[in-house]
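Take a look at the sequence and the model below. The report then goes through them step by step.

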Amino acid sequence: MEYKRNRNGEGSWRELPSGNIEYRFTYTDEYGIKRRKSVTGVSENECIERAEQFLYKMEQKVNGINFDATIPELLYEKIESDFRKNYTGEQGYERNLRTIETIEKSAIGHMPITDIQVYHIERYLQSLTRYSNNTISKFYSMIKLAFAVAVDRGIVRSNLMENRNVKCPISDRPDKKVRGLTEEEQMKFIKALGEYKPQNNHNTYRLQLLIELYSGMRMGEINALRPECINFSKGFVHVDRTISHGKASPFLKEGTKTKAGERDVPISAVLKPLLEEALEQMGDNPDNLIFYDYNKGGVITTNQVCSMYKRICRDAGIPYYGQHALRHTFASRCIEAGIQPVVLKGWLGHTNIHVTLDTYADVFDRMNLGAISKFEDYMDKVLQEEE
């Protein structure tokens, strides 16, 4: 059956072979282009209702409100905006992209956010337990952020992630415990590092590994050091840059991982000769870095050093917890030596004292076991006075 023009000229109708009614009308999209749209229903009134719903959504879309937006679409726009405004660095931007890409592959990632109900979120969160708690937390935060953006834009009325029944799931995996080396393991590591014979004159990254062990600096910070960062006369290393992972390749980042990361790290007697040796071996390079990959012509990444650390752990017969364990080893030795947490916080570049206390809670607890001797000495003194 042919279309019949509506009397007011706003659209046309036709009856379908199924008996339903089809209504065809013209609208202007968000780009100002005139387009045609068809809706069907069992009656003309139903067609009008559907057409009005579509036109309302289109009007909101023209005003920047996209009711068909998905969680990934909202997140991509948000993190891109934050990155361009320097709220997020390249490394954080890349991490966020990977998280969103994973969400995009899920069923919830294909649905318009307006169609998502609490049970959809619950099903998705239940599927995350195979990941680590750290990864789950990132997914959970991202979805919550998407709903917050949708609320701000008027796409949805409430943030379903704030529903009391929607809770962040707990991983099926046990949390990885990153710990420092024991004194015995530390000696084995140092011995194996000294005995390691590289093939084809490859770099062993010996100095970087030992500097991390005796300073607690992050490996990215060590690989970003310049000669002017080292102040032997005043006895400190100034940390103000790091090697970061960009969208294409690693790069030298101005600034540290966190604001608290810019700091002065003391030069101990055991650290000083390592820094002096590093300065003596330094060659010319475009970034004036103490440590530089002259074979590839670029910065040295943490992953490069980590691969070597894994080999040394294997040769030393000690457990491998990742190269970051050397930073934890430094912190553990400091705590065992009686250095106060507030001092250690500054040396490590932690954001606040709670990070230090929480990260090394097991070491502090172990040190507290010896405190009972102070109680015993005091009680002995009290009892002697009573006699």
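## About the model

This is a predicted model, where local features need pLDDT of at least 70, side-chain atom pairs count only at pLDDT 80 or more, and totals for chains, interfaces and linings use all residues. Residues are numbered from 1 along each chain as its sequence is written, and side-chain values use heavy atoms, leaving out hydrogens and water.

## The whole protein

The protein has 15 helices and 9 strands. Helices (H or I, at least four residues) and strands (E, at least two) are DSSP runs, numbered from the N terminus.

Its C-alpha trace spans about 105 × 70 × 40 Å along the principal axes. The radius of gyration is 31 Å, whereas a compact globule of 387 residues would have one near 21 Å. This radius is taken over C-alpha atoms, and the globule rule is 2.2 Å times the number of residues to the power 0.38.

## Burial and surface

Of the 387 residues, 40% are buried. Buried means under 20% relative accessible area, exposed means over 50%, and partly exposed lies in between (1.4 Å probe, protein chains only). The accessible surface comes to about 22,900 Å², and 48% of it belongs to carbon and sulfur atoms. These areas come from the Shrake-Rupley method with a 1.4 Å probe; for residues, only the protein chains shown count as cover.

## Helix 2 and helix 3

Helix 2 (residues 71–84) packs against helix 3 (residues 90–104) at an angle of about 175°, with the axes 10 Å apart. That makes the two helices roughly antiparallel, a term for angles over 145 degrees. Axes are lines fitted to C-alpha atoms, for helices over the stretch in contact, and angles run from 0 to 180 degrees between N-to-C directions.

Helix 2 brings I71, P72, L75, Y76, I79, E80 and F83 to the contact, among others from helix 3 such as Y93, L97 and I100. Contact means heavy atoms within 4.5 Å.

## Two arginines

Is R241 buried or exposed? R241 is buried, because its relative accessibility is 7%. R241 is found in strand 7 (residues 241–245). Leaving aside neighbours within four places in sequence, its contacts include E221, R226, E254, D287 and L289.

R50 is in helix 1 (residues 44–62). With 38% relative accessibility, R50 counts as partly exposed. Beyond neighbours within four places in sequence, R50 is in contact with V39, T40 and G41. R50 and G235 are 185 residues apart in sequence and 75 Å apart in space, C-alpha to C-alpha.

Technical notes
Angles under 35 degrees count as roughly parallel, over 145 as roughly antiparallel, 65 to 115 as roughly perpendicular and the rest as oblique.
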